[in-house]
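User: I'd like to learn how to read a few features of a fold. Can you walk me through some?

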Amino acid sequence: MNRPNTARAVVVLLAVQIVWGLSFLATNCALKVTTPSVLLAWRFLLAFALQNLCLLTGKRRLRLRGKKVLPVILMGVMEPGLYFFFEEYGIVYTNTSFSGVMIAIVPLVTLILAAIFLKERPTLLQAASCVLSILAVAALALLGHSDGTVQPRGVVLLLGAVVTASVFTLLGRWSARAFTPFEQAYLVVAVGAVCFPAAAVAENLGALSRLIEPAAGLPFLLAVLFLGAACSVFAYEGYSYALTCLPATRVASFSSLVTVVSILAGVLILHEPFSWRHAVYSAAIIWGVWGVQRFERRSEA
């Protein structure tokens, strides 16, 4: 890829990570009045409606004829399908800060899988940078566990989110050869728009009014608007665009920045615990992300 596209991809990816970092805050607020399945149903129905509005107005095009869509559908199964199940319920049993911290493990898992399946082998210093981030994540996890806000089942659920997010990135990098960023994002969101409403209806068969009741509150509607428009429509297309320009390991390394954004949001807005240790470990995560970018192989630059 040429330099201008690479630079643009980095800027877009930074914006995506900021948006996703704030998603933990929006999710935390929305879950005060509803369940994860109902929230996800609203989020992805809105996102899918916005994408189709883009098609109707001619702002985007969809050309799937002759293309093998199964890998992209599988992307949707990984994320948002399984990923958001793990993430949303993981937030229930942990907290905003810790949920964001766990996502910082994604780069290491992606680095390993990319080396095996995509032959995108990291340098020794890139691997060391990822390990640094993981050690910082582990330290933050211990801090969260010590204050009693993190339950073991929440950790297990968030680990499931980490694995599915890594597979999602690998599939996105592979399918970027044949699909535009919008086509990838459209199919991924479509999977969520089918799966989550079905899950919400199944969960509330005895009281379908629970699917509508949350919409009576303005905070819920604002959270859904942010999650649907920014975190799904913009972020998925932006992430897919980055995967057309950058190796999977570099793209995934940026997810650690979600940690820093989510911690700041949790501390400044939700008044969650923060100490000098949080600051040190967060700085280590940022350093690790920088290291993955700085110590790439020259052929990937």
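This is a predicted model: local features need pLDDT of at least 70, side-chain atom pairs count only at pLDDT 80 or more; totals for chains, interfaces and linings use all residues.

User: How do α2 and α9 pack, and at what angle?

Analyst: Two packed helices are described by the angle between their axes and by the distance between those axes. Here α2 (residues 36-56) and α9 (residues 218-245) sit at about 55 degrees, with axes 8 Å apart. That makes α2 oblique to α9, and α2 passes α9 in a right-handed crossing.

User: Which residues of α2 and α9 meet?

Analyst: On the α2 side, they include Leu39, Trp42, Phe44 and Leu50. Among their α9 counterparts are Phe220, Val224, Leu227 and Tyr236. By class, the contact of α2 with α9 has 14 nonpolar, three polar and one charged residues.

User: Is Pro214 buried or exposed?

Analyst: The cut-off for buried is under 20% relative accessible area. Pro214 counts as buried because its relative accessibility is 7%. You'll find Pro214 in the loop between α8 (181-203) and α9. Leaving aside neighbours within four places in sequence, Pro214 is in contact with Val33, Thr34, Val38 and Phe220.

User: Now the backbone: which residues does the cis peptide bond join, and which residue other than glycine has a positive phi?

Analyst: Most peptide bonds are trans, and most residues other than glycine have a negative phi. In this model, a cis bond joins Glu79 and Pro80, with omega about 20 degrees; Pro80 lies in helix α3 (residues 70-92). Lys119 has the positive phi, near 60 degrees. Lys119 is in the loop between α5 (106-118) and α6 (124-146), and counts as exposed at 55% relative accessibility.

Terms used. Residues are numbered from 1 along each chain as its sequence is written. Side-chain values use heavy atoms; hydrogens and water are left out. Axes are lines fitted to C-alpha atoms, for helices over the stretch in contact, and angles run from 0 to 180 degrees between N-to-C directions. Helices (H or I, at least four residues) and strands (E, at least two) are DSSP runs, numbered from the N terminus. Angles under 35 degrees count as roughly parallel, over 145 as roughly antiparallel, 65 to 115 as roughly perpendicular and the rest as oblique. A crossing is left-handed if the near helix is turned anticlockwise from the far one by less than a right angle, and right-handed if clockwise. Contact means heavy atoms within 4.5 Å. Ala, Val, Leu, Ile, Met, Phe, Trp, Tyr, Cys and Pro count as nonpolar, Asp, Glu, Lys and Arg as charged, and the others, Gly among them, as polar. Buried means under 20% relative accessible area, exposed over 50%, partly exposed in between (1.4 Å probe, protein chains only).
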